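Dear colleague,

Please find below the structure that I am handing over to you. My notes on it follow directly after.

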Amino acid sequence: MNHNDTDRAPSTFHVKSFGCQMNVYDGERMAEMLGARGMTPAADGRDADLVVLNTCHIREKAVEKVYSDIGRMTREDGSRPMIAVAGCVAQAEGSEIQRRARNVDIVVGPQAYHRLPDLIDRAGRGEVAVDTDMPAASKFGALPARTKQSRPSAFLTIMEGCDKFCTYCVVPYTRGAEISRSWSAILDEAKALIDGGVKEITLLGQNVNAWLGIDGRGRAQGMDGLVRALADIAGLERIRYTTSHPNDMSDGLIDAHGEVEKLMPFLHLPVQSGNDRILKAMNRSHTVGDYLKIIDRVRAVRPDIALSGDFIVGFPGETDAEFEDTLRIVEQVRYAQCYSFKYSPRPGTPAATMDHQIPAAVMDERLARLQELLNNQQAAFNTATVGKTTDILLERRGRHAGQLIGKTPWLQSVHVTAPELALGDMVAVDIISAGPNSLAGQLSRRKAA
Ligand code: SAH
Ligand code: SF4
Ligand code: F3S
């Protein structure tokens, strides 16, 4: 029996999120739910009565990290908190987790976490507490309304799951099928966030731009309609969205980038590879040419847009020449920032059993070459903003006294000396210098261009 050492119902909790923005959002919703139940947050996992490890299954390393964290939960006196494993590892491995890590009390998947209070009660009674259902009724209706937020920028999940089945990826298995939340649920949550002090909302989905719904007047709407409706809400100043799939990049959404002032000039649009044979083997269902055409159209309506993407190097069978094609597309697009990964075989995905898996040393070399190019592009993009005056939303304190950190419309972090009171404000700054990962600015007398 997996019994924890606290025989009382837990009164403090700590949620640790390991994954993508949606995973972070889920962690926030779980924390709000436990708070609504009268529990209080603890800053450190080992001091808490309940620790929720909100896990990610996307790459092998992410999974290993969870098991090492579980091992480290035991306190000096030998006791330990009640441990819940949530998120995508919970979904993928289910009760296997308790076989591998005996001190796990609760396993709860990403579509079932609204049932966490009940699972805590069950675990408290020493019962098996595993829930990896994907119930037809979405969890959202069962979660408490959003509360006051500590930061001016918030995530809002509008789409769950993925139907694309890229051959390397676990998400369709851990998150289930694509489901859009309703128009009214999204607008209500946005209004609650804005009432709680939020000025920037990032709409989330694994393929966020595949969102579909019916508006209050019975008309069919896509992401662009939703963005326009959000932009009409007073008090909301910035709208972002992530992650997008090239196939769902509609003309309407591209047009919105040219027309909706609150929609920020930033687009995260992963292509994964610059080679058509590899894209086909990945089941991406778009070509390099399709992708470049979208980039051209977006740049035509919003020339200053900052582009971001994801790349995988060393997909099974990738030749040197095919990898060079990835360098070529990066050179053509010129990214403001990017994520790049070594291919990681995931259990149960088609690519994991494909022939010609690429040796680790080759992947290391390819990743280093790609990242050098991407880092240079990011540095160039940052340098190009020096001398500009721009608005930043002050989101958090910096490491030095008197320093605050805000984001530009293009998602760069700016360090600025500003009064503490200004936290949460939108202020104009002159960008005075650029580093590889952030900018330095000073409060401006001018208005942002
Ligand atoms: N839905 C998003 C991405 C979700 S996962 C999209 O399609 O754009 C985030 C990124 O992780 C992916 O874009 C991909 O680059 C990377 N990734 C996913 N599975 C991977 C794997 N098995 N190995 C290495 N990287 C992977
Ligand atoms: Fe994974 Fe592909 Fe779906 Fe993105 S689109 S979540 S990479 S299967
Ligand atoms: Fe990871 Fe699940 Fe997100 S696998 S990337 S936490 S959807």
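Predicted model: local features only at pLDDT ≥ 70, side-chain atom pairs only at ≥ 80, totals over all residues.

Residues are numbered from 1 along each chain as its sequence is written, chains are lettered from A and ligands numbered from 1 in the order in which they are written, and side-chain values use heavy atoms, with hydrogens and water left out.

Around ligand 1 there are 15 residues, of which Tyr168, Gln206, Gln272, Asp310 and Ser344 come nearest (a residue is near if one of its heavy atoms lies within 4 Å). An oxygen atom of ligand 1 lies 2.6 Å from a side-chain N or O atom of Asp310, and an oxygen atom of the ligand is 2.7 Å from a side-chain N or O atom of Gln272. A nitrogen atom of ligand 1 is 2.7 Å from a polar backbone atom of Gln206. The protein buries 90% of the 540 Å² that ligand 1 exposes when taken alone (Shrake-Rupley method, 1.4 Å probe). Strands β15 (306-313) and β16 (337-342) each supply at least two residues of this shell (strands are DSSP runs of E, at least two residues; helices are runs of H or I, at least four; both are numbered from the N terminus).

Ile120 belongs to helix α5, residues 116-124. Ile120 counts as buried because its relative accessibility is 2% (buried means under 20%, with a 1.4 Å probe and protein chains only). Leaving aside residues up to four places away in sequence, Ile120 touches Pro10, Leu34, Arg37, Leu50, Met82 and Ile106 (contact means heavy atoms within 4.5 Å). Ile106 is 14 residues from Ile120 along the chain, and their C-alpha atoms are 7.3 Å apart.

Yours sincerely

Terms used: Buried < 20%, exposed > 50% of the residue type's maximum accessible area, 1.4 Å probe, protein only. Polar contact = N/O pair within 3.5 Å; in protein donor to acceptor, adjacent residues only side chain to side chain.
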